Amino acid sequence: MDQTLTLSKPTLAFNVDTSKSHRASDSLILFNAGSTARMGYKIKGNNIQRYIVNPASGVIDALETKKVDFIIRLRDDDEISSINDRFRIFYVELT
């Protein structure tokens with residue numbers, strides 16, 4: 001399998017929405033660097049109750065990109081700089 005899925009950046013940097021103080025968001029661009037095959041992907045996190053990931057799974061055609069939005073739901077006592085949650089992106093070549 002010579003297909004690869006690349007990310008626009010290695011980490012997310014959430015920006016707090018001032019109109020909705022209990023939310024912060026960031027996005028990631030997934031790029032299917034392979035020239036022939038479609039790629040299926042699924043994003044999983046260690047704290048799924050806290051996040052909205054849209055779309056959390058999907059298909060990316062060869063040489064195409066997909067924007068994925070991440071929204072974190074903040075509680076009153078949350079300090080966003082101390083949150084250390086993680087995500088994994090699983091992907092597979094589709095035939």
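**Close-up views of a predicted model**

**View 1. Asn-32 reaches the backbone of Ala-37.** A polar atom in the side chain of Asn-32 sits 2.9 Å from the backbone oxygen of Ala-37. This comes from a predicted model. Look for Asn-32 in strand 3, which covers residues 23–32. Is Asn-32 buried or exposed? Asn-32 is buried, because its relative accessible area is 0%, under the 20% cut-off.

**View 2. Three strands make an open sheet in the order 6-4-8.** The pairing here is antiparallel. Strand 6 (57–60) and strand 8 (87–94) are the edge strands with a single partner each, so one side of each has no neighbour in the sheet. On average, neighbouring strands of this sheet are turned by 20° against each other, ignoring direction. How many bridges join strand 4 to strand 8? There are 8 bridges between strand 4 (residues 38–45) and strand 8. Across from Arg-88 in strand 8 you will find Lys-44.

**View 3. Phe-14, Tyr-51, Phe-70 and Phe-87 gather in one aromatic cluster.** The structure holds 3 aromatic pairs. One of them is the tilted pair of Phe-14 and Tyr-51, with 6.0 Å from centre to centre and 40° between the planes. Phe-14 belongs to the loop between strand 1 (5–7) and strand 2 (15–16) and Tyr-51 to strand 5 (residues 51–54), so this pair ties together parts 37 residues apart in sequence.

View 4. Tyr-51 counts as buried at 8% relative accessibility, whereas Phe-87, at 27%, counts as partly exposed.

Note on methods: Residues numbered from 1 in each chain as written. Predicted model: local features only at pLDDT ≥ 70, side-chain atom pairs only at ≥ 80, totals over all residues. Heavy atoms only, no water. Pairing = 2+ DSSP bridges. Helix = DSSP H or I, 4+ residues; strand = E, 2+ residues; numbered from the N terminus. Axes fitted to C-alpha atoms, helices over the stretch in contact; angles between N-to-C directions. Buried < 20%, exposed > 50% of the residue type's maximum accessible area, 1.4 Å probe, protein only. Polar contact = N/O pair within 3.5 Å; in protein donor to acceptor, adjacent residues only side chain to side chain. Phe/Tyr/Trp six-rings, centres within 6.5 Å; stacked < 30°, edge-to-face > 60°.
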